Amino acid sequence: MDWANGDNAAGMGLIALGHSGSDTFASMFPQYYFQLASLCSKFSVCSVDEYTLLYNQGQLLLYNTKQPLDIDQKKGYFHPGFSSELFTFSIGYNIFTNENDGRGIGDPHFVPWTSANSLYGLV
């Protein structure tokens, strides 16, 4: 379950300080940024730059937080659409096997909340 070449860490959130574990906790929030941008525009309470910032943040959360999903079945999960609970972005150390495996190693266990959060952000 390596992080795919070409994927980046944008959209991933650090779980806690002191290690490099990260997940996609914000994958359920893009609609809030879109709604806030829409309200700012509707009531003219923010500048064009502020609207663009809110809209772009919503876009980032909508698309980049879906990178860990195994949509094309290249990450090795049991079913397409599954996602690992966490990835570690430390270079050269796999916390699950204690080996030097490189960057972007994922937890091999499936938990349903990660895929559910991703779907919630799309609806």
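How far is the sulfur of cysteine 46 from the closest cysteine sulfur, and which residue holds that closest sulfur? The partner is cysteine 40, at 3.3 Å, which is too far for a bond. This is a predicted model. Its chain has 123 residues, with 3 helices and 4 strands.

**Cysteines**
- The structure holds 0 disulfides.
- Cysteine 40 is in no disulfide; the nearest cysteine sulfur belongs to cysteine 46, 3.3 Å away.
- A disulfide here requires two cysteine sulfur atoms within 2.5 Å, so the 3.3 Å between cysteine 46 and cysteine 40 is too far for a bond.
- Cysteine 40 counts as buried because its relative accessibility is 10%.

**Fold**
- Along the sequence, the elements run β-β-α-α-β-β-α.
- Of the contacts with a separation of 6 or more, 54% join residues 24 or more positions apart.

**Burial and surface**
- Buried residues account for 37% of the chain.
- The chain exposes about 7,500 Å².

**Nonpolar patch**
- Four residues form a nonpolar patch on the surface: Phe25, Phe29, Tyr32 and Tyr120.
- Together they have about 390 Å² of accessible area.
- One of them, phenylalanine 29, sits in the loop between β2 (21-23) and α1 (30-42).
- Phenylalanine 29 counts as partly exposed because its relative accessibility is 31%.

Technical notes. Residues numbered from 1 in each chain as written. Predicted model: local features only at pLDDT ≥ 70, side-chain atom pairs only at ≥ 80, totals over all residues. Heavy atoms only, no water. Patch = residues over 30% accessible without salt bridge, like charges linked within 9 Å, V, L, I, M, F, W, Y side chains within 5 Å. Areas by Shrake-Rupley, 256 points an atom, 1.4 Å probe, with all protein chains shown as cover. Salt bridge = Lys/Arg side-chain N within 4 Å of Asp/Glu carboxyl O. Helix = DSSP H or I, 4+ residues; strand = E, 2+ residues; numbered from the N terminus. Buried < 20%, exposed > 50% of the residue type's maximum accessible area, 1.4 Å probe, protein only. Contact = heavy atoms within 4.5 Å.
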